[in-house]
Structure formats: structure tokens, C-alpha cells
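We will go from stop to stop, selecting residues as we go.

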Amino acid sequence: MNESGNNKILYLSSKDVEAACQQLDTVAIIREMFTLHARGETKLPDEAYLGWANELDEPVRSLNMPGYLGGSIHMAGTKIINGNIANPTRGLPRASGLTLLYDNTTVQVACIMEGASISSLRTACVTTLSMELLRGKAIEHIAIIGAGVLALAHIRLVIQHIATVRQISIYDFSTARIDALYAQLSPLLQEHQISWHVASSAEMAVRPAQCIIPVTTTVVGYIPFSWLQPGAILVNVSLDDVLPDVVFQADKIFVDDWNLVKADSRRLLGRMYQAGEILGPEEAETGTSGQQRRIDGLLGSIVLGKAGRTDEDEIILVNPFGMAIADIAIASHVYQVALQSGLGLWLER
């Protein structure tokens, strides 16, 4: 039950959410989420995807992603996130949304909060946790492809958690976006003595990096395996940036949830699965004559110590599709902080 009973719903704005997150170790929350997921203490239905064209004939989409976590979190809810890649030209974020949490007893909606900031934060948490769990040699140089909201969230979190980082290479088609991002990050970069290099191409950003983080809106791959140095970790955040040869040649591939990955034929790994080119961690071989690659495991298995890097020169691809339970895990903690701190606005039901 919320503190005001059944008749009110707590609304948390983006400022409320960000204030609450400042009091949380969100990477630790995501680690706990993966532990629960690996132990079968979560429920994660397929996402509902709605795509259409708006009145300007721009492609737009809406996603609804419910989920439940048991164990120490014990919360159910849903994430609604809508996107239009043309929004930045209007001075608006590409994506926006809401996260809803349900009362554990009555399952009435107990809290509604701005969802985009949690979505970008949980994505950065998954990347940062992957770096912590899978690094071999010290990660000193990272590459960021794309200079939007996700780039900002990633750089802020990585700097806080990966103390060895000394250089960031960044590439984006828009130098204005890079300049705007640098203006936001400059004090943090100076504080941690991290150099900032604007690359002339994606290749020039990727080749020297020990960790590569594409945060773009592309649906066309452009990163070949030949760009990756021994020991590199490529966290394929935006899902379509790598070419198929990376999938075939990487020493290890880890995903967050195989069922979600294989069900989405719009994304690279889902398309390759549909074509019979990749198999899940425990799926039987299909006996096709073409090339097949098995996914090595799940991020939850790494958290439990059942999988991971076995050689410092292994090139590892991480493909985090994105799970609503990650948003709900962070949102549940945000909700508790808000109740304790008096954040938010109570709405009549």
C-alpha cells in the first residue's frame, strides 16, 4: 500500500527520479536484478511493439514492457517508452516514457514516474556491470559512438565505476552534438584527468579502444571484427551497429535474455537467429549446412560466477537487448526513496 492508501497515486517527475537516483548504487541494483533473473525469480513477458507513421509520415514506435521481480525487490510494473528519431531536430529527446509500479497486494497502480532517465541509466548500468565482470586487462581507453543522451549516461557512470579509464574517443555525425556533450562532461573529465578525443570516423574511435560502446539509432551495421583489438569488450547497446562477422568471430557472446533477443527479428541477432545462423546457449543444433554460432551465455550466469572471460585476449561481444525488469528494479528503489524523502506529487485516482 502507498502511504496515502488506495485513493492516491504518487507521481515522480524527472527531477524527482534523478534526485532519488543520486542516493542509490544503481549498478549494485542491476547486479541484484541479474541474480534474481538467473535464479528464475523474475517474470519477463515479450514486449509489445507498436510501430506506425505519424501525420508527417515519420516512423514512430511505442513499446510496453511489463515485468516482475521477486526476492529482495518484490515488485511488478511496466515500462512504456515511445520514440521518434526526428525528435532531436525539434529540440526534444528521441525517446520518452513512463514507468508504472503496482501495489504488491491490490495490484493497483501505486506510482507513475518519468521513465526515460531510468531507461538510459539502467542501460548504462548494464554496460558498466559488463565491463566490471568481463574486463581482462585494465580498461584505459573507451570508444563511444553517438553523442546523445545515452552517451552522457554511459560516460558519467563508467567514469565513476571504472577508475582505470584515462581516455575517451568519441564519434558522431554531428560535431554540434559532440560539442554539447563535452560541455556537459568537461568538469567531470577534468576532475578524473580523462582526455577527450574527437575521432574523424567510427573506425578511428574503435581501433584503439579496449571497450567500445555504440549508442546510436542506426539500423545498418558498420563495425567489422577487424577493428577490434585483442581483449576488447564491445557492448552492443544500440543492437545493430556490429556486422555479422563480429558475431561469428567474437571469442564469446553474452546476452541479457535470450528469449527477448531471438524473438525480435528487427535486430541483428534476432535476424541471424531467424536465418538459422545463431543458436541459444542451450539450443540443439539444427543441422543446417550454413555457418552457425552459439551464444555463449547470459549476463546473469556471469554474475553467479558460472560464465565469463577465460583469457585476457578474448574479444567479447555483449548484446544487452534491454529488460523491463531492469527499469522496475531501479524504479522500485526510487519509489522507496521518494516515500522516505517526501519527493513527488500525490494524484487523485
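Helices and strands on this tour are DSSP runs numbered from the N terminus, with at least four residues (H or I) for a helix and at least two (E) for a strand. One thing to keep in mind as you look around: this is a predicted model.

**Stop 1: the second largest pocket**

Start by selecting helix 8 and strand 16 (297–298), each of which supplies at least two residues of the lining of the second largest pocket. Now extend the selection to the whole lining: His-37, Asp-257, Trp-258, Asn-259, Gly-280, Pro-281, Glu-282, Glu-283, Gly-297, Leu-298 and Ser-301. The volume of this pocket is about 200 Å³. If you colour the lining by class, you will get 3 nonpolar, 5 polar and 3 charged residues.

**Stop 2: aromatic pairs**

Keep Trp-258 from the pocket lining selected. How many aromatic pairs does a search of the whole structure find? The search gives 3.

Trp-258 belongs to helix 8 (residues 258–263) and Tyr-273 to helix 9 (residues 268–274), so the pair ties together parts that are 15 residues apart in sequence. Trp-258 is buried, at 8% relative accessible area, while Tyr-273 is partly exposed, at 24%.

**Stop 3: a charge over a ring**

Select Arg-266 and Tyr-49. Which part of Tyr-49 does Arg-266 lie over? Arg-266 is over the face of the ring, 3.6 Å from the ring centre.

**Stop 4: the cysteines**

Now show the cysteine sulfurs. A search of the whole structure finds 0 disulfides. Cys-111 is in no disulfide either, and the nearest cysteine sulfur to it, that of Cys-21, is 12 Å away. Are these two residues buried or exposed? Cys-21 counts as buried at 12% relative accessibility, and Cys-111 is buried with a relative accessible area of 0%.

**Stop 5: positive phi in two loops**

For the last stop, switch to the backbone and select Val-107. This residue is not a glycine, yet its phi is positive, near 55°. You will find Val-107 in the loop between strand 6 (95–102) and strand 7 (109–114). Val-107 is exposed, with a relative accessible area of 58%.

Then move along to Gln-193. Where does Gln-193 lie? Look in the loop between helix 5 (175–191) and strand 10 (195–198). Gln-193 also has a positive phi, about 55°, although it is not a glycine. With 68% relative accessibility, Gln-193 counts as exposed.

How values were computed:
Residues are numbered from 1 along each chain as its sequence is written. This is a predicted model: local features need pLDDT of at least 70, side-chain atom pairs count only at pLDDT 80 or more; totals for chains, interfaces and linings use all residues. Side-chain values use heavy atoms; hydrogens and water are left out. A disulfide is a pair of cysteine sulfur atoms within 2.5 Å. Buried means under 20% relative accessible area, exposed over 50%, partly exposed in between (1.4 Å probe, protein chains only). Rings of Phe, Tyr and Trp (its six-membered ring) pair if their centres lie within 6.5 Å; planes under 30 degrees apart count as stacked, over 60 as edge-to-face and the rest as tilted. A charge sits over a ring if NZ of Lys or CZ of Arg is within 6 Å of the ring centre and within 35 degrees of the ring normal. On a 1 Å grid over the protein atoms alone, a cavity is a set of points where a 1.4 Å probe fits but cannot get out, and a pocket is an open set with protein on both sides within 12 Å along at least five of seven lines; lining residues have an atom within 4 Å of a point. Grid points are joined across faces, edges and corners, and a volume is the space filled by probe spheres set on the points. Ala, Val, Leu, Ile, Met, Phe, Trp, Tyr, Cys and Pro count as nonpolar, Asp, Glu, Lys and Arg as charged, and the others, Gly among them, as polar.
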